[in-house]
Every structure is written in structure tokens, then in C-alpha cells.
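This briefing goes through one protein structure, topic by topic. Please look over the sequence and the 3D view before reading on.

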Amino acid sequence: TKTQKKVRATAIQRSQDEFASVPHTFIFHRGQVGHNVQQLISDLRRLMEPYTARALKVRKRNLLKDFVSVAGPLGVTHFLIFTKSSTSVNFVSKMEILPTRKK
């Protein structure tokens with residue numbers, strides 16, 4: 001009926017608004033990292049799973065600009081980036097600043 005359609009439409013809209021208001025993340029590495037860091041990345045993706053890209057494919061030719069350009073349409077607000085040097089594993093967290101809406 002007409003009332004059921006309205007209720008369903010408002011429930012779907014509310015669900016989409018809730019999903020969009022939660023921070024979303026990309027977790028990936030830059031450069032060559034070892035097996036332990038790869039395992040750490042996959043564990044973090046599983047830990048933050050409902051709001052992170054679980055099957056994000058990172059290629060050698062990907063630039064940070066590529067991730068930033070894809071992040072906007074997907075609603076990604078945070079990047080968790082791992083790098084490795086000869087002595088340590090570094091963790092960089094980058095928070096995207098979203099444009100403000102005019103009321």
C-alpha cells in the first residue's frame with residue numbers, strides 16, 4: 001500500500017544517512033613490506049570491517065592521489081598507511097577533511 005511504501009522509503013533513507021555519517025577507512029601499505037605487515041593490515045581490515053574496504057587492491061603503480069580520488073565518492077574519511085624502513089615499521093594516519101555544507 002501507499003503507507004507501506006512511504007515507511008519503507010523513509011527507513012531506507014534513514015539507513016543510508018546513518019551509514020554515511022560513520023567514518024570509513026582505507027588501510028593499505030606504501031612500498032615493499034614483509035609478510036608480518038601484510039598480516040597486520042589484513043587483521044586491521046577485519047577488525048574495522050563494516051566500514052573499511054576489505055578487498056582493497058594495492059598495486060605498485062598506485063599513487064596516493066589515486067586513493068584520494070576514489071575516497072570522495074565512496075565516503076572514505078580516514079587512511080591508515082603502513083610503510084617499512086630497514087629498521088622499523090611506520091604507521092601513518094591521514095584524516096580527510098570533508099567539505100562543509102551550507103545551511
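Is Phe28 buried or exposed? Phe28 is buried, because its relative accessible area is 0%, and the cut-off for buried is under 20%. The model is a predicted one.

**Strand E1**

- Strand E1 covers residues 24-29.
- Six of the six residues of E1 are buried, so the rest of the structure largely encloses this strand.
- His24, Phe26 and Phe28 point one way from E1, while Thr25, Ile27 and His29 point the other way.

**How the strands pair**

- E1 and E2 run in the parallel sense and are paired over six bridges.
- Within this pairing, His24 stands opposite Val76 in E2, and His29 has Phe82 in E2 as its bridge partner.
- E2 also pairs with strand E3 (residues 89-95), here in the antiparallel sense and over seven bridges.
- Ile81 stands opposite Val92 in E3.
- E2 and E3 make up a hairpin, and four residues lie between them.

**Thr77 in strand E2**

- Thr77 belongs to strand E2, which spans residues 76-84.
- Thr77 has a relative accessible area of 10%, so it counts as buried.
- A polar contact of 2.8 Å joins the side chain of Thr77 to the side chain of His78.

**Nonpolar cores**

- In soluble globular proteins, nonpolar side chains tend to be buried together.
- In this model the largest nonpolar core has eight residues: Phe26, Phe28, Leu56, Phe67, Ala71, Val76, Phe79 and Ile81.
- Strand E1, helix H3 (64-74) and E2 each give two or more residues to this core.
- E2 gives the most to the core, with three residues.
- Another core, of seven residues, lies apart from it, and its members include Ile27, Val33, Val37 and Phe82.
- Ile81, a member of the eight-residue core, is in contact with Phe28, Arg30, Leu64, Asn90, Phe91 and Val92, when neighbours within four places in sequence are left aside.

**Aromatic rings**

- The count of aromatic pairs comes to five.
- The rings of Phe28 and Phe67 form a stacked pair, because their centres are 4.1 Å apart and their planes are at 20 degrees, and the cut-off for stacked is under 30 degrees.
- Phe28 lies in strand E1 and Phe67 lies in helix H3, so this pair ties together parts that are 39 residues apart in sequence.
- Phe67, like Phe28, is buried; the relative accessibility of Phe67 is 5%.
- The rings of Phe82 and Phe91 form a tilted pair, because their centres are 5.1 Å apart and their planes are at 45 degrees.

Conventions: Residues numbered from 1 in each chain as written. Predicted model: local features only at pLDDT ≥ 70, side-chain atom pairs only at ≥ 80, totals over all residues. Heavy atoms only, no water. Buried < 20%, exposed > 50% of the residue type's maximum accessible area, 1.4 Å probe, protein only. Polar contact = N/O pair within 3.5 Å; in protein donor to acceptor, adjacent residues only side chain to side chain. Core = buried A, V, L, I, M, F, W, Y, C linked by side-chain atoms within 4.5 Å. Contact = heavy atoms within 4.5 Å. Phe/Tyr/Trp six-rings, centres within 6.5 Å; stacked < 30°, edge-to-face > 60°. Pairing = 2+ DSSP bridges.
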